[in-house]
Structure formats: structure tokens, C-alpha cells
Amino acid sequence: MISRFFCAVALALLAGCGGGGTGGNTPNGDLALSYSYAPNPMPFQRFTPLSIKPYLAALGSNKAHFNLASGRLPDGLQLSESTGEISGVPTSLQTTAPFSIALHVDGFSGSLTSALQLSFVDVKFYYGGSPIRRQLGEPIASGTLSVAASKLLEHPESTVGALAFSVDPATPLPAGLSLNPATGEITGAPMQLLPAPSDVTIRIVLNYGGASYSYSTVVNLTVYAPFFVAGYPQTPGTTFTFYADNNKVFNSGTPRVIGGYAGDTVDNFQLVLNGPNPNIQSAINALPTGLVFDSATGVISGTPNVVHTANVFGKPCTASDLANRSCPQLYWTTVSATVHRGSYSEKVNIPVSFDMN
């Protein structure tokens, strides 16, 4: 524990010039007063303004003067000769050796002293929201990775001085992220995988009083591969079932990335007739008759002309079943595609089923 103390109240007599008399608070007698620096919460924080004022009692209308009697004040602090206030912005971290402040009163000989010892802690910088996990391409919202300085509860004043931020070249930010050199905020969308937690060191320079002070802090980032889902635009959610009518023109539209980010693309379409079975009972593994697949666009289009063979009860279709649309014919297949996000690519399967009426 850093040693520190403030002296107890000093109760003493100062002798008046000219001697004799019992005036107490006049230059013709002795002055009885108490004097101390009241205890303050410590340690103090470097670069945080502070003020320590003395406690005086029974001084009356007599004018006081203060001076440094022994030792030295911490760097950045000054003593007011007229009020005894110790104030300023501490710029060093030393725990001071005890120093003494002397009180003098006009018209009285001698002085009273009060001994002090101060201790300080340094500013600590940290990033709110760190550690942070994002999938590849997921934006970091403004304010998520902003730098802050530690504050002692007793001294919540803002840290003074201008700050400058930079990234340590040995631990660069992943591609897609940038650091604001004036505010220290990190923004953007990471476009480089960091499958294991990665520490990025941010260098901080605090400029105060013509001098520069160096600090650093660490941001912990993980950038993981996205889980892509692709589907056709007219299909809600991830249930890729088309409800098509015989002898009516059908067009599926081009597949898209569902739940992705701006700039995601999908291409390299292939029809996989023996792809993963979507567990549709009594379905035919094929495109409905009359529909064709365009490998350049992934579009399924045409005019289906399907022969219905069984009603919903598994029995042969009748004219009444067909008229009441209770004689569906089910088909299923799979379309594979490649999804791209920046330089990252991943192959996905789009299960497709048709409910023909």
C-alpha cells in the first residue's frame, strides 16, 4: 500500500510582536488557532485536476501567508501563498516524500506547519465492448469500440490533455476496420477471419504541458466465418417450397443471400438432382415437367405440365380431385451455389420443392 498521510489538527500559539497583552486575535497578544489539511481521498489520479485546501480556525481577521517549509510539491502542483490551497494537475507518479506547509500570520512571530504526503495512480485506458466477436462482414456500430479513461470515484473530472491514437504495426486491425486517430474509436466491418481471439494493441499518446506521455491498451477481437443461407426471392424465410399451377408460366427468380450484408454475392449455380433429400414424402426427385434450370442465373422457369397420379389420400386422382385441387404432385431437387463476402467464399445448398396443383 502506498504510504500517505495528512497531519492532525495543529493547535498552537503564535506570539504577537510587541509582547504582552491578552488580546488573543490582535498583534498585541498571542494568537491561538488550529490549522491542518483535512484528509482527502487518495490516491489521486495523474492528469486529473485536484485541489487541497487547509482548515483554519480562530484566525479571525488576521491575514495569513503560506509557504513550502520543507520537501517539494509533486510535479504540476502549486501552493497559493494567500490561501494555502495546493492545486494543479499532477503530471508525475511519484509518491512524494513528506513535505510541510508553513502558516504565517501578519503581526505574529513564529509559524505553524502541517505535513503532507501524496500518492498518485496513472490513467488507464480501456475499450468499452472489448472483447468483441463479429462474423465476417458484420458492422461494428458507432460507440461499440470507443476508448475511455479510468476514473477514480472520488475524482470523476475528465482527464486533461490531447490524445492521439495509432495501431501497433505488430498487431494490425483486421482488414475492413479502421481507427480514428483523434478519438480512438474503431469502426467498420471486419473482412479478415480471426478464428482465435486476437489482441490488437492501440498506442496512445497523451500530450500535456508541452510533454508527451505514452500509453497502450488492448482490444480483443474474434472474427468468425459467417453461416450463409441462400434462397429464392419469392420464397419466405428458409422454406424453399414453390406452389405452382399446371399450364401457367413460372419463374423462380435468381437466388439471393438471406440475412447477409451489403456486398454479398451468389453465383456458380448447379442443379443437383441427387442432393440432400428435404424429407418430402412421396416426392419425385426431379424438376416438374416443363420447367428448366438456367445455370448462369440459377433461375428455374417455364410452363409446368405435370401428370397428377395420386390424391392426398394416396389413391388415384379423379376428375373431382383435380377440380378441387386435392390431387397435388410433389417434386424436390437441390440447387448448389457459391456465396461470396469479400475474399471469403462458401458453397451452400438450396433445397427446392414444388407443390403442383
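In the predicted model, Gln78 has Ser87 of strand S9 as its bridge partner. Strand S8 and strand S9, the latter spanning residues 86-88, are paired in the antiparallel sense over 3 bridges. These two strands belong to an open sheet of 3 strands, in which the order is S5-S9-S8 and the pairing is antiparallel. The edges of this sheet are taken by strand S5 (50-52) and strand S8 (77-79), each of which has a single partner strand, so that one side of each is left without a neighbour in the sheet. From one strand to the next, the twist averages 25°.

Two loops connected with this sheet contain buried residues. Phe47 is located in the loop between strand S4 (44-45) and S5, and its phi is near 65°, a positive value in a residue other than glycine. With a relative accessible area of 0%, Phe47 is buried. Thr91 is placed in the loop between S9 and strand S10 (99-105), and it counts as buried at 15% relative accessibility, because the cut-off for burial is under 20% relative accessible area.

Strand S24 is joined by 2 bridges to strand S29 (residues 300-302), and the two run antiparallel. Within S29, Ser301 is the residue that stands opposite Asn251. The loop between strand S23 (241-244) and strand S24 (250-251) contains Asn247, a residue that is not a glycine although its phi is positive, at about 65°. Asn247 is exposed, its relative accessible area being 55%, whereas Phe47 is buried.

The largest nonpolar core has 51 residues, and those with the most contacts inside it are Tyr127, Ile186, Ile202, Leu221, Ile300 and Phe354. Strand S31 (residues 344-356) gives the most to this core, contributing 6 residues. Apart from this core lies another of 24 residues, among them Leu31, Met42, Leu103 and Leu112. For Ile300, the contacts beyond four places in sequence are made with Tyr232, Phe250, Asn251, Ser252, Leu287, Leu291, Val292, Phe293, Val352 and Phe354. Phe354, one of these contacts of Ile300, is also listed among the core residues with the most contacts.

Leaving aside neighbours within four places in sequence, Pro226 is in contact with Gln135, Leu136, Arg341, Tyr344 and Glu346.

For the protein taken as a whole, the secondary structure comes to 1 helix and 31 strands. Of the contacts with a separation of 6 or more, 62% are accounted for by residues 24 or more positions apart. Of the 357 residues, 39% count as buried, and the protein exposes about 17,600 Å², of which carbon and sulfur atoms supply 55%.

The mean pLDDT of the protein is 82, and 83% of its residues reach 70 or more.

Key: Residues numbered from 1 in each chain as written. Predicted model: local features only at pLDDT ≥ 70, side-chain atom pairs only at ≥ 80, totals over all residues. Heavy atoms only, no water. Core = buried A, V, L, I, M, F, W, Y, C linked by side-chain atoms within 4.5 Å. Buried < 20%, exposed > 50% of the residue type's maximum accessible area, 1.4 Å probe, protein only. Helix = DSSP H or I, 4+ residues; strand = E, 2+ residues; numbered from the N terminus. Contact = heavy atoms within 4.5 Å. Areas by Shrake-Rupley, 256 points an atom, 1.4 Å probe, with all protein chains shown as cover. Pairing = 2+ DSSP bridges. Axes fitted to C-alpha atoms, helices over the stretch in contact; angles between N-to-C directions. pLDDT = per-residue confidence, 0-100.
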